[in-house]
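Hi there,

Here is the structure I promised to pass on to you. Have a look at it first, and then read my notes below.

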Amino acid sequence: MDYFAQVAAGYAAHRPTYPAAVVDLLAGLAPGRDLAWDSGCGSGQLSVPLAGRFSRVIATDTNAEQIARGRTHRRVKYRRAPAEASGLPDAVVDLAVSAQAAHWFDLPGYYAEVRRVARPGAIVALLTYGRIRVDADVDPLIERFYGGVLGRYWPPGRRFVEDGYRSLPFPFEEIPVPPLEMSAQWALGAFFGYVGTWSATQALERAEGRGPIETFQRDLANVWGPAGTVRPVLWDLTLRAGRL
């Protein structure tokens, strides 16, 4: 089953957009700002912010549904292509970046493609975010659902997300980067929409039906607050950056 085809609409609607601080950091590291390649782009959560700092962004994904829902920007061109075969010419890319997708890749193939398309001195960057945080009342319920109810339904690659990609092979000259964070202001409906995009949530529903998910939603609604209550939500971001 193509998981991302099943959740493309929810992904476009509910996945967070990356903060300006990340884009500024990547643009500052790159040797130029002509072309950024965003591989595994989804519906453009990073591609569009990158277009504010790069003249051109090529955003690729293997999934046609994700590409079809890509957020439009005059500097972003979406293409259906795997991470291992971008279709780009040799030595043209200032920044090769993948956000919340590298754990799905054939990494040796992707890294070979990065080396082929990168300009001398170009940057390769892998970005990931882990567990969402809200506050001391909400977080224990999230943890129980995430690690307990969903635990056996997460795909094997999730372990790389959990450790901030630190155990992923990264055969490049690594550049130290500061701690990063992503935030949003969400009502409960937006939060549930985001949870619905998790691969493990989809697997749980296929295996056990909606019951466990609805139980989590009821429990969380009891502590979230009145309907329409907006709460700040946070993720720690990890960026591994290297120079070619």
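R116 and E113 join their side chains in a salt bridge, with 2.8 Å from N to O; the term stands for a side-chain nitrogen of Lys or Arg within 4 Å of a carboxyl oxygen of Asp or Glu. Both residues sit in helix α6, three residues apart, which is about one turn of the helix. (Helices are DSSP runs of H or I with at least four residues, strands are runs of E with at least two, and both are numbered from the N terminus.)

Please keep in mind that this is a predicted model: local features need pLDDT of at least 70 and side-chain atom pairs count only at pLDDT 80 or more, while totals for chains, interfaces and linings use all residues. Residues are numbered from 1 along each chain as its sequence is written, and side-chain values use heavy atoms, leaving out hydrogens and water.

R116 also forms a salt bridge with D90, at 2.6 Å from N to O. This pair links distant parts of the chain, since D90 lies in the loop between β3 (76–80) and β4 (93–99), 26 residues from R116.

How exposed are these partners? E113 is buried at 7% relative accessible area, R116 is partly exposed at 29%, and D90 is exposed at 52%. Buried means under 20%, exposed over 50%, and partly exposed in between (1.4 Å probe, protein chains only).

Altogether, the structure holds 16 salt bridges. Another one joins R210 and E205, at 3.6 Å from N to O.

Enjoy exploring!
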